[in-house]
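User: I would like to learn how to read the features of a protein model, one at a time. Could you walk me through this one?

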Amino acid sequence: MRKIVAATVLVVLAVACGGDSGEEPVTTSQSPTTESSAETADTTASPTTTKPNGETATTTPGSTTTEDTTTATTGSTTTPTEDTTTTTTGSTTDTTITPTEDTTTTTTTPGPPPTPSPLTGLGVADPDSLNRRTMAVKVDNHWDGRPQVGIGEAEAVFELLVESGITRFIALFHAVDSTFVGPVRSVRPTDPHLLRHLNTTVLASGGQDWIINTFPRNGVGVIGEIGVGGYRDESRRAPHNYFVNTAELRPTADQRLYPNTPPPPLFEIGDLPVSGIPGGVSRVTMEWAPTNTVTWKWNGSAYERHLEDGPHTWTHVEGGEEVITADVLVVIFARLFYTTPPQGGVTLPTMETTGEGRVLVFAEGQVVDGRWERADTAQPFSFMLADGSPITVPAGRPWISLFPDGRLVSW
C-alpha cells in the first residue's frame, strides 16, 4: 500500500509541474537597431547577432546572412528587429536579414553653353559685352615701365620689337575693361597693319604724325592723350607714367565714329592636332636681342613669363603683384625691316604681317610647329601643318609674339 501511495503522489507532482523535465526552455531576445542619419547617402547600420556561446557576428548591408543556432542550457539568440524573418523548428533558429536601401535620383538639366569670346574661345559672363569694339592699349615694356599695371586683365596680348632691342605690348580688351592699364607709349609702323582685321581702337601716348596718318587709311581708330580717360601717375617718371581707363575712352571712340564692330575670331579654336605634337615642353626661351631674353615656364596650368633677372610681374589696380601668365603662346616668325619717315629722320623697326612664314603654337605643355599665311591685312592669320591641314589653337588667353626671322626660339 505504501508503494502504491508513493507512486500516486509522484504522478500528481509531475502533473502539477507542467510536463516533461527533459527539455530546457528556449529564450529569444531582440537587439536594438541603429539607423544612420537620413542625410548620409548609401549608409545602413550593420545589425549584430549574439551567438549562444557569447560570440558576436556582424552582418554587412547588401548581403544575406543565415545564422543556424542550436540552443544550449545557458545562452540566447539575439535577432535584429528590422527586415528579419525567423523560423524556429525544434531547437534550431534560422535567421535571414535583408537590409533596405533608400535611393534618391536627382536629374540636373544643363543650361546653354556660355558664349565664347572671339579672342580667347572662353565663355564670357555677359554675352552683350561681345557686341562692341576691341580697345587695344599700347603698353610700355621699358625697364622703367615695369611692373606694368592691368595687363593681366587683357584677353590677349601682342608683343613686338621696337628700338634698342626692347619690346612693347598691345593689350586687347573686348568683353572686359581695365580701369588702369599701362604705362602707355606711342604707336609704331607695324601696329595698324597688325590690328586692321580686329576692328580695334588703339589707345596710345602719341606717335609721329606720318605713323598716326596710316591708322585711318587702314580703318583703325587711334586716341592719344586728350585729357579724358588718361592719367599721369606722379609716383613714376615720365614718359613711363601715363595710364588709361579703357571703359572711359569707349565714348570717345563713339564720338569719333570709329567702327564699333566686334572682332572676328583671333584663331580657329580647337585641340592641338595630335599629328603635329613632337613631345612635352616645360620652358620656352626667346632671344629678342642679345640684351633681351624672355623665358616662359609651364607650371602645369599656364605659362609664366620670366626675364633674365627673375619673374616678370604685373600690378593690380588695388595693389599686389603677380607673375604675367598666358594659357597659349603663339610665335609668328616674320621679316624684320626698317621704315624711314617720308621727310627723313630716324628709321623704325617694322614687321611684315602678310605673306607666309613659320609659326609655333605652345599650349598645355606641348608644341606644334607649322606655317602661317595671311593674304592681306584685312584677314586673320591662318595656321597649318606641313601637309596643309589646319592647326587649331586651344581656348585660353593667348600671348602672340611677332618674332624676327632668324632669331632663336628654343625649348
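Analyst: Happy to. Let's begin with contacts: two residues are in contact when they have heavy atoms within 4.5 Å. In the protein chain, among contacts between residues at least 6 apart in sequence, 62% join residues at least 24 apart. Please keep in mind that this is a predicted model, where local features need pLDDT of at least 70, side-chain atom pairs count only at pLDDT 80 or more, and totals for chains, interfaces and linings use all residues. Residues are numbered from 1 along each chain as its sequence is written, and side-chain values use heavy atoms, with hydrogens and water left out.

User: How many helices and strands does the protein chain have?

Analyst: Helices (H or I, at least four residues) and strands (E, at least two) are DSSP runs, numbered from the N terminus. Here the protein chain has 5 helices and 30 strands.

User: What share of the residues in the protein chain is buried?

Analyst: Buried means under 20% relative accessible area, exposed over 50%, and partly exposed in between, with a 1.4 Å probe and protein chains only. Of the 411 residues in the protein chain, 43% are buried.

User: Which residues have the most contacts inside the largest nonpolar core?

Analyst: A nonpolar core is a set of buried Ala, Val, Leu, Ile, Met, Phe, Trp, Tyr and Cys residues joined through side-chain atoms within 4.5 Å. The largest one has 39 residues, and Phe-158, Leu-172, Leu-195, Val-202, Ile-332 and Phe-383 have the most contacts inside it. Strand β23 (residues 328-334) gives the most to this core, with 4 residues. Another core lies apart from it, with 38 residues, including Val-139, Ile-151, Phe-173 and Leu-203. For a close-up, take Leu-195: leaving out residues up to four places away in sequence, Leu-195 touches Ala-136, Phe-158, Ile-170, Leu-172, Thr-200, Val-202 and Val-220.

User: And Ala-334, is that residue buried or exposed?

Analyst: Ala-334 lies in strand β23 and counts as buried because its relative accessibility is 2%. Ala-334 and Phe-403 are 69 residues apart in sequence, yet 6.0 Å apart in space, C-alpha to C-alpha. Beyond its neighbours within four places in sequence, the contacts of Ala-334 include Met-351, Trp-372 and Phe-403.

User: How many aromatic pairs are there in the whole structure?

Analyst: Rings of Phe, Tyr and Trp (its six-membered ring) pair if their centres lie within 6.5 Å; planes under 30 degrees apart count as stacked, over 60 as edge-to-face and the rest as tilted. A search of the whole structure gives 9 aromatic pairs. One of them is the tilted pair of Phe-267 and Phe-383, at 5.5 Å centre to centre and 35° between the planes. This pair links distant parts of the chain, 116 residues apart: Phe-267 is in the loop between α5 (250-255) and β16 (283-289), and Phe-383 is in strand β28 (residues 382-384). Phe-267 is buried, at 9% relative accessibility, and Phe-383 is buried too, at 6%. Elsewhere, Phe-169, Trp-296 and Trp-399 make up one aromatic cluster.

User: What lines the largest cavity?

Analyst: On a 1 Å grid over the protein atoms alone, a cavity is a set of points where a 1.4 Å probe fits but cannot get out, and a pocket is an open set with protein on both sides within 12 Å along at least five of seven lines; lining residues have an atom within 4 Å of a point. Grid points are joined across faces, edges and corners, and a volume is the space filled by probe spheres set on the points. The largest cavity, about 50 Å³ in volume, is lined by Phe-158, His-197, Leu-266, Phe-267, Ile-332, Phe-381 and Ile-400.

User: Which residues are closest to the centre of the second largest pocket?

Analyst: That pocket has a volume of about 210 Å³. It is lined by 13 residues, and Trp-143, Arg-146, Thr-291, Asn-292 and Glu-308 are the closest to its centre.
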